[in-house]
Amino acid sequence: MQLSPVLASAEGPPAFLVEIVALMLAAAVIGYLSTRLRIVPIVGFLLAGVAIGPHALGLVESQQAIDVAAEVGVILLLFTIGIEFSLSRLAAMWRLIVIGGGLQVVLTVGVATAALAVFGVSWQVGVFTGFLVSLSSTAIVLRLLASRGETQTETGRTALAYLIFQDLAIVVMVLLVPMLGGEGGTALDVAVALGTAIGIVAVVLVVARWIMPRLLEVVARACSPEVFLLTVIAICFGTAYLTSLAGVSVSLGAFLAGMVVSESRHSEHALGEILPLQILFSATFFVSVGMLLDLGFVVANLPLVLAAVGGVLVVKSIATAVSAAVLRVRPAVLAGLSLLIVQVGEFSFVLERVGRDAGLTPAGLGEDGAQAFIAATVLLMVATPWLGAAGRGLGGAIERRGRRPGAPTPDLAGGDGGGARGHVIISGYGAATRSLAGDLATAGVPLVIVTLNPDGAAEAESDGHEVLRGDSTRQHILDRAGLAQARMVVIPEDDPETAQRIVSVVRTAAPHAAIVVRVDEPVDLDDLAAAGADRLVDTHRAGHAALTEAVLRGLAGPRPGPTRVDVHSIVTWRPDPEAPCPHTEMIVPVLPSAPGCQECLLEGSTWVHLRLCLSCGHVGCCDSSPRRHASAHYRQEEHAIAASVEPGEDWAWCYLDETLLNRVDVPATRF
């Protein structure tokens, strides 16, 4: 086999790899710092691009590979947005989308054209500049709303509607910009192009309604994550490619592809699979945007850049406020909305390149105008979190001033009121969980079934349970199942490694939630305890009914009384590190073998106090009991350390050197 020149080279890494490493390292480091400073990570990606770009440190000189990755990021970003905005959701928001969003775009273009006309700029350039200014950053706004839990507020829903219209309006803008540049085209050409676009949308609706759900159902039944992911990717890029052949932008094609997938019952599964790729490539896109900023130009032309920023703020905030007022939006929401979507969006860069090819530049200022537009756009993107916070504060002040004394305070930042749902999430639906789900439903406990198995999902739905199709190892899927509000997560996985991955994801995302794991084979308790599992039910040893018992006991609240121990709770006993006992390495996470002294239960006798072997989980009675089974277990098995499981006692005893060990960090129970 002959290696390619790139792989066979012994002179060092290829140039593109150096640039990719610089990009990823800068994005990770600055993104982390941004998160620590409570700044939206996308802003960190923009700043990373500024830092490594050709106008700053110059770590990236050739942008060809990065530009390709950025284009892929745009496609994946619009695809995921399309999945989020299903046809039914769009229909329910039609008034906000069509009237509010449409009026906002028209007013922005009109105000920008009129303002530039005062300075002698032609109407064609004014309209083109208005197009650029009218588009907002869907990615930044949606991420900002999600991070604050404000997606379902009135401000969040209105912003969402405006962003949807802007994303759809770009197809018309792309068609009109060449005509504004005088590159030919007639009204008939525009009509034909619009007719083609409408035809494509009609085809997409037919596919979404009749073909795609059946296709994804067939693929999902293969139970292969690789095949499912490849199918979703093929739908995304295939649709984008076909729409581009018809003259429609790949961005809109990707958005339509997402809407096609959104009509399937497996849309959340698709979103969960593709989201990691979307995050990676869209991060690359924002880094590439930051690389466009020429700090030297900003310093040398600071008045021009500040004028561009100020002009965008004034024009767009006025247009947004007027459009919201027409919809009779409350003043507090109007103020928050106007500053939240005042930035210029990522797709304006695409439109700016189209205009440049047609001989148009922002405000007709040539290369200086293009650079000022880029600088203003990046700066406004970076400032979006602070602008959004300012709008939110202004809205709150308006609300307080206009509220009558004693009137209830409106919820400006709350969600849908589901914060105290307290439900149970069950991963999978099979023999082990069918009876559990039925018992929980009978007891009035709300629950959500998360499963990849189409047959299991259909059965759970027929049994009347709420079902989410998706992979439980994906945090996105668990978030959609309401992990933040869940009281407990039950993981009855046959594969211990899969169960451990789910436990790790749940414990990281929801430290408050109780985690019950069901296994039917020996597992490593150290791994499960380290991952964050609270309870383990060994159905091979105790039977399937033990799972229901453990879950209901956990939901009931109090732990067993002084004469019993919880046989499902994983015990992770940690001694004082300064303890003189040299035998503490024998302590491992254990599962109590019985609710009381094993031997006493078998003999039918009684005990006084219970002791737990920290090497194997044996439960025995203390030396005050008649039979002293804890000490007998030590003499038989040579397991040296046993802990008291009596309420209020946090010590253990080493039989070998007769030393009392104190516990230093008793984990607080989550039940």
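In what order do the 5 strands of the open sheet stand? I read the order as β8-β7-β9-β10-β11, with antiparallel pairing. I took strands as DSSP runs of E of at least two residues and helices as runs of H or I of at least four, numbered from the N terminus; strands pair if DSSP finds at least two bridges between them.

The model is predicted, so I note that local features need pLDDT of at least 70 and side-chain atom pairs pLDDT 80 or more, while totals for chains, interfaces and linings use all residues. Residues are numbered from 1 along each chain as its sequence is written, and side-chain values use heavy atoms, without hydrogens and water.

I looked next at the edges: β8 (619-621) and β11 (659-662) each have a single partner strand, so one side of each lacks a neighbour in the sheet. The twist averages 35° from one strand to the next (axes are lines fitted to C-alpha atoms, for helices over the stretch in contact; angles run from 0 to 180 degrees between N-to-C directions).

I followed β9 (641-644) and β10 (651-654), which pair over 3 bridges in the antiparallel sense. In this pair, A643 is opposite A652 of β10.

I then turned to helix α27 (629-637), which lies across β7 (610-613) and β8 at about 120° to β8. Its H629, A630, S631, H633 and Y634 are buried, that is, under 20% relative accessible area with a 1.4 Å probe, protein chains only (exposed is over 50%, partly exposed in between). Their cover includes α26 (598-603), β7 and β8, with contact meaning heavy atoms within 4.5 Å. E638 follows α27 and has a positive phi, near 60°.
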